[in-house]
Structure formats: C-alpha cells, structure tokens
Amino acid sequence: MSAYYIPLEDISQEDGLGVTSYHPGMTYSEAHQSSTPRNAGWTTYAALAILVLCTIVNTVQPSSQHRALTAFAGQKLGDMREPSKYIGLNKFSPTSESEDSFKTFPIFLSQIDSTRKSLIFDGDNQGAVTDLGTIWPDARRLWVEGSVSSVAQFRLVDFGYENCSFALFLRSNSGDVAEAILPHSPTPVNIWLHDDAPQIPSGSLSYNTLYRRSRTTRRLHETVELQSTRNTEGRTFPCPSGTLLTVEVSCHVFNVGDGQHQCHVEFWNDPLNSKFGMMVTQSKGFVSTT
C-alpha cells in the first residue's frame, strides 16, 4: 500500500529560483524532491570567479597590513624596543627620602683607533694573582690620545631620574690613590653620542665595527675642559629610562704656543670609587612625552 502526501491545501509557488507544485496524488518523496534552481549554475560560477579574482589580487599586490606584518616579522628581537615597565608612575610624587641624584658607571669601556681601523684593543684590566686565584676588578682604562678615543656605554634604567649629565672627576682627594695622567691642564676633549648603537659585546669593538653600522649616527654633544685641580660636569640632557647610551670621548685639537698639540688623558675608571673617573649623573625629573 502506497503512502500519499496530502497537504492541507494545494500550493503552487514560483519564486524565481524554481517551481514547486503539489497535488494529492504525489508521494512523500516526490513532494520533497526540489527542482534545480534556474540560476544555481550561474551563481556557482560567479562565486568561483570572485574567489579566484581575490586570490590573484592578494598575491600580486599585498595589502598594507600584510606588508606591515612582513616588516615586523623581519626585525630581530634584540632590535625591538620594549614597552616601558613604568607607565603611569610619573603621576606619583617621589618620596622625600629618595636621592636627588646619583652616579652611573659605564657597563662597557674600551678604545678605538682611527688610523688602525680594524684594531681591537685587548681588555684592559688590573688583574692580580692571589692565593685564592686570579682577581679581575671591574676597573677599566679610559685613554684618549691622538687618534685613540675611548668608547663607553651606559645603561640608564632608573625611573624618575631622566635628567643626565657627564661627569669627569679627575681631582685626587686626600687619601685617594686614584690619579689621572693629564700632562696639559686644561685639556679639552670632545664628547660624541652614537644614537641607536646596539650593545657592544666585550672584545669586539674596533673603529670599523662602530662606524660601519648603518643605523648609527654620531653627533657632537659637547666639548669640555678637563683639569687635574677640579671636577668637570657637562650640560644636562634628557635620558629616558631604559636608554642605552653610547659615548665616544676624543681629542680636541688646540693650539699650544706656536704649534698644534694633541691631548693626552689616561686613568682607570673604577665603579667602586664614585669620586673619581668618568660617569653619568642622573638627577630627578621626567622626559616630557607631549
């Protein structure tokens, strides 16, 4: 016995996508068998054409977002600047117990020679052999003479102390064994800043490695006069927290009598002695971001 689909009413519908009609003699399967839409084939081909066109456009001409992502992926992790860990802290006032300023010693100090551009100076140190073994103090030599200049790097990480100046303390205090070789006083020297210079690994610095970096730009910060009878403090400049400061100290040619004379400055920079050597003074203040 065959089952018949008997609708409540006879419907004949034409909606442009196909024609479906029902009559009492139609079986259930026949009633639910849809006719093929008239424009189904055209719609399918149009969708495929649009898909192919979009694929071609994205392949031939990448979007600006794709180019930005490609450029971002091409950067080295060490070259990317990290976000500040101190966002918002400038809204708080420092406590009265905090120091107004303090001294920061270089994390790296060595020499380069403009006449021997591939020369890498060996690690100047004051190593000593004791009963406990060889001791390697953190003191490093600062040497400026003729074509030889000294390169130092400072890591300025203290938040809220973003006003900096270079300090060169060469005056020997009572009971202080530190001393500087300074045949002519005063002796003017140039202080250069190398912007965007990366951190320098120990034992790798030469004139070529410093000046062949395409991203590094050298600019004259100031010229100061060094004296053995008084300390020298340079002008103040902004130093945002987290800055890696690369400094070069070189001779400034000047007239002595009737001829030219090259300066000569030499001393040991010891982080344990905050009253002698070359350092950066960090004072209270914030770098304006507006």
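A disulfide is taken here as a pair of cysteine sulfur atoms within 2.5 Å. The model is predicted, so that local features need pLDDT of at least 70 and side-chain atom pairs count only at pLDDT 80 or more, while totals for chains, interfaces and linings use all residues. Residues are numbered from 1 along each chain as its sequence is written, and side-chain values use heavy atoms, with hydrogens and water left out.

**View A. The disulfide between Cys164 and Cys239.** A search of the whole structure finds two disulfides, and in the one shown here the sulfur atoms of Cys164 and Cys239 are 1.9 Å apart. The torsion about the S-S bond of Cys164 and Cys239 is about 75°, so this disulfide is right-handed. Because Cys164 lies in strand 9 (residues 163-169) and Cys239 in the loop between strand 13 (237-238) and strand 14 (243-251), the pair ties together parts that are 75 residues apart in sequence; helices (H or I, at least four residues) and strands (E, at least two) are DSSP runs, numbered from the N terminus. Both Cys164 and Cys239 are buried, where buried means under 20% relative accessible area, exposed over 50%, and partly exposed in between (1.4 Å probe, protein chains only).

**View B. The disulfide between Cys251 and Cys263.** The sulfur atoms of Cys251 and Cys263 are 2.1 Å apart, and the torsion about their S-S bond is about -110°, so the disulfide is left-handed. Cys251 lies in strand 14 and Cys263 in the loop between strand 16 (259-261) and strand 17 (264-269), so the pair ties together parts that are 12 residues apart in sequence. Cys251 counts as buried at 12% relative accessibility, as does Cys263 at 1%. With the bonded cysteines of the chain numbered in sequence order, the pairing is 1-2, 3-4.

View C. When residues up to four places away in sequence are not counted, Ser110 touches Phe121, Ser149, Ser150, Val151 and Leu205, a contact being heavy atoms within 4.5 Å.

**View D. A nonpolar surface patch formed by Tyr45, Leu48 and Leu51.** Together these three residues have about 370 Å² of accessible area, computed by the Shrake-Rupley method with a 1.4 Å probe, and for residues only the protein chains shown count as cover. Tyr45, found in helix 2 (residues 40-60), is exposed, with a relative accessible area of 62%.

Definitions and conventions
Patches are made of residues with over 30% relative accessible area and no salt bridge: like charges are joined within 9 Å, nonpolar side chains (Val, Leu, Ile, Met, Phe, Trp, Tyr) within 5 Å. A salt bridge is a side-chain nitrogen of Lys or Arg within 4 Å of a carboxyl oxygen of Asp or Glu.
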